[in-house]
Amino acid sequence: MSETQITSSEPTHLHLWDRKACEEFAARMGVSEEKLRKAIRMVGSRVTTLTSHLKA
């Protein structure tokens, strides 16, 4: 996987009801939307935490 950088213009949290943002984030992380939803339920919606969790 490529290194994912978060810029200051990106939100700090990912919201499940924002389908487009979830689709884009899942694609960027190389995971399915279902895996992303499970990760959000497990570790919360903070982008940095999700990124760390999904890379592990």
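## Overall architecture

Buried residues make up 25% of the 56 residues in the protein chain. The model is a predicted one. The protein chain contains 3 helices and 0 strands, and its order along the sequence is α-α-α. Among the contacts in the protein chain with a separation of 6 or more, 46% join residues 24 or more positions apart.

## The nonpolar core

The largest nonpolar core comprises 12 residues: Leu 14, Cys 22, Phe 25, Ala 26, Met 29, Val 31, Leu 36, Ala 39, Ile 40, Val 47, Leu 50 and Leu 54. At least two residues of this core are supplied by each of α1, α2 (33-43) and α3 (47-55). The largest share, 4 residues, comes from α1. In soluble globular proteins, nonpolar side chains tend to be buried together.

Cys 22 is one of the members of this core. When residues up to four places away in sequence are not counted, Cys 22 touches Leu 14, His 15, Leu 16 and Leu 36.

## Helix α1

Helix α1 spans residues 19-29. Its buried residues are Cys 22, Phe 25, Ala 26 and Met 29. These residues lie on the same side of α1, because they cover an arc of only 100 degrees around the axis. Lys 20 and Ala 27, on the other side of α1, are exposed.

The buried residues of α1 pack against both α2 and α3. After α1 comes Gly 30, which has a positive phi, near 75 degrees.

## Helix α2

In α2, the buried residues are Leu 36, Ala 39 and Ile 40. Their arc around the axis is only 100 degrees, so they fall on the same side of α2. On the other side of α2, the exposed residues include Arg 41 and Met 42.

Packing of the buried α2 residues is against α1 and α3. Gly 44 follows α2, and the phi of Gly 44 is positive, near 100 degrees.

## Helix α3

The buried residues of α3 include Val 47, Leu 50, Thr 51 and Leu 54. They are placed on the same side of α3 because the arc they cover around the axis is only 100 degrees. Val 47, Leu 50 and Leu 54 are also among the residues of the largest nonpolar core. The buried residues of α3 pack against α1 and α2.

## The segment before α1

Thr 12 belongs to the segment before α1. Thr 12 and Val 47 are 35 residues apart in sequence, and their C-alpha to C-alpha separation in space is 5.6 Å. With neighbours within four places in sequence left aside, Thr 12 is in contact with Ser 45, Arg 46 and Val 47. Leu 14 is one of the residues of the largest nonpolar core.

## The largest pocket

The volume of the largest pocket is about 190 Å³. Its lining is formed by Glu 10, Pro 11, His 13, Leu 14, His 15, Asp 18, Ala 21, Glu 24, Phe 25, Arg 28 and Val 47. Helix α1 contributes the largest share of this lining, 4 residues. Classified by residue type, the lining has 5 nonpolar, 2 polar and 4 charged residues.

The pocket lining and the core share residues: Leu 14, Phe 25 and Val 47 are among those that line the largest pocket and are also among the members of the largest nonpolar core.

Terms used
Residues numbered from 1 in each chain as written. Predicted model: local features only at pLDDT ≥ 70, side-chain atom pairs only at ≥ 80, totals over all residues. Heavy atoms only, no water. 1 Å grid on protein atoms, 1.4 Å probe; cavity = no way out; pocket = protein on both sides within 12 Å on 5 of 7 lines; lining within 4 Å. Points joined across faces, edges and corners; volume = space filled by probe spheres on them. Nonpolar A, V, L, I, M, F, W, Y, C, P; charged D, E, K, R; others polar. Core = buried A, V, L, I, M, F, W, Y, C linked by side-chain atoms within 4.5 Å. Buried < 20%, exposed > 50% of the residue type's maximum accessible area, 1.4 Å probe, protein only. Contact = heavy atoms within 4.5 Å. Arc of directions from axis to C-beta.
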